[in-house]
Amino acid sequence: MSTEYEDDLELAGRVSRGDEDAFNTFYAHHADLVFGFIVHLLKGKRTDAEEIWQDTFLAAIRRLPSYQGQGRLLSWLYGIARHKVSDFWRRNGMENSALIGSPRDPRELMDSGPLPDEVLNRSALRVRLIEALAELPGDYRLALIARYAEERSVEDIARQLGRSYKAVESLLSRAKAALRAVLSCRMEDL
Amino acid sequence: MNQQESPYDRNLEKLIRASFGPDARLAPETRNQLYRRLVAELRETRRPKEFPKGILALFSSLVFLLAVTSVLSVWETGVQWPQIFALNPFGLLVLVNLAYLPISSLVIILRRKSWASA
């Protein structure tokens, strides 16, 4: 078994044993990301997304003892969410079209000028980004979301992480490089 | 730092911002609601499973009835009380069952008290 995900495995083990502090960490680190993932898979259907998000977490709490650390805990949660979303599409007799791309290739556009709104609003691209974030180490993910999604200052993040301004700048730079690497693989099947 | 940023980096930042925009954010109340539900679920799974009380009560009642019937059938033959228990082992079960009721009640009262003080 890989030791890469030992932290996740330990966290899952503690939550399974009923440790509420561990559960608080688990929920704080994953709840919003899983919701974002679901809402984009459902192309912005918020009400349905909330329902599926609740089902996902309830199922995850019950199945947590079966998590063996074979991937990141967040990816494991996405797996459960993806199944729930597929069931939703099937129940409603609709095709899961969130992952079907459009003719314009975002791989080329990412390196050129500013990304057009038409591409930026594409659910498939957002889903890929959220999936890619799950594969990053926890501190990379936290820093990227705090800086660019929550638009917090570098000083603020440095205070939260107990690091210097320079260290956080460097962390953000490494996190973006890592995200770019993961994302380029994931965009191949867009 | 901004001066060194490539178009890719700027697009990445834009994409992160767009992916976690207001349409993809949870309402705090919804977030707290599920939190409370999950904590309750977690506490429920942590609680040790108890032997089903209904089955225990049914089994106890059946044994009690069997024992009473058995003792009565011996008593009808005119045997004296102390001998009934000697002749019929089911007679002992009557005593055990009679003792079980106050003991189990006491256990329930004590457990309720310990839950209340927890």
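Let me start with one helix, α4(A), which has 19 residues and reaches 27 Å from its first C-alpha to its last, close to the 27 Å expected at 1.5 Å a residue. Before I go on, please keep in mind that what we are looking at is a predicted model. The buried residues of this helix are A:Leu73, A:Leu74, A:Trp76, A:Leu77, A:Tyr78, A:Ala81, A:Val85 and A:Phe88, and these buried residues of α4(A) pack against α1 (6-16), α2, α3 and α7 of chain A. Just after α4(A) comes A:Gly93, which takes a positive phi of about 60°.

Let me step back to the chain as a whole. Chain A has ten helices and zero strands, so that we read its pattern along the sequence as α-α-α-α-α-α-α-α-α-α. Of the 190 residues in chain A, 36% are buried. If we take the contacts in chain A between residues at least 6 apart in sequence, 66% of them join residues at least 24 apart.

Next I would like to look at pairs of helices. As a general point, two packed helices are described by the angle between their axes and the distance between the axes. For α2(A) and α4(A), which is residues 73-91, the axes come within 10 Å and cross at roughly 35°, and α2(A) passes α4(A) in a right-handed crossing. Which residues meet where α2(A) and α4(A) come together? From α2(A) we have A:His30, A:Leu33, A:Val34, A:Phe37, A:Ile38 and A:Leu41, and these meet A:Leu74, A:Leu77, A:Tyr78, A:Ala81 and A:Val85 in α4(A). Sorted by class, the residues of this contact are ten nonpolar, one polar and no charged.

A second pair is α8(A) with α9(A), the latter covering residues 154-161, where the axes come within 10 Å and cross at roughly 145°; this crossing, too, is right-handed. Here A:Asp139, A:Ala143, A:Ala146 and A:Arg147 in α8(A) meet A:Val154, A:Ile157 and A:Leu161 in α9(A), and by class this contact has five nonpolar, no polar and two charged residues.

I turn now to the interior of the structure. In soluble globular proteins, nonpolar side chains tend to be buried together. In this model the largest nonpolar core has 61 residues, and those that touch the most other members are A:Val34, A:Phe37, A:Ile38, A:Leu133 and A:Leu144. The helix that gives the most to this core is α2(A), with nine residues. If we follow A:Val34 and leave out residues up to four places away in sequence, we find that A:Val34 touches A:Trp53, A:Thr56, A:Leu77, A:Tyr78 and A:Ala81.

Chain B has five helices and zero strands, in the pattern α-α-α-α-α along its sequence, and buried residues make up 12% of its 118 residues. How many residues of chain A are in contact with chain B? There are 35, and they are in contact with 27 residues of chain B. On the side of chain A that touches chain B, the elements giving two or more residues are α2 (20-41), α3 (46-63), α5 (106-111), α7 (123-134), α8 (138-149) and α10 (165-187) of chain A. The largest share of that side, nine residues, comes from α2(A), and the residues of the side as a whole divide into 20 nonpolar, seven polar and eight charged.

Why does A:Phe23 count as buried? A:Phe23 counts as buried because it has 21 C-beta neighbours inside 10 Å, where 20 or more are needed. Leaving aside neighbours within four places in sequence, A:Phe23 is in contact with A:Val15, B:Val39 and B:Leu42. As for A:Ala12, it is eleven residues from A:Phe23 in sequence, and the two are 8.5 Å apart in space, C-alpha to C-alpha.

Key: Residues numbered from 1 in each chain as written. Chains lettered and ligands numbered in written order. Predicted model: local features only at pLDDT ≥ 70, side-chain atom pairs only at ≥ 80, totals over all residues. Contact = placed C-beta atoms within 7 Å. Helix = DSSP H or I, 4+ residues; strand = E, 2+ residues; numbered from the N terminus. Nonpolar A, V, L, I, M, F, W, Y, C, P; charged D, E, K, R; others polar. Axes fitted to C-alpha atoms, helices over the stretch in contact; angles between N-to-C directions. Left-handed = near helix turned anticlockwise from the far one by under 90°. Core = buried A, V, L, I, M, F, W, Y, C linked by C-beta atoms within 7 Å. Expected span 1.5 Å × (residues − 1).
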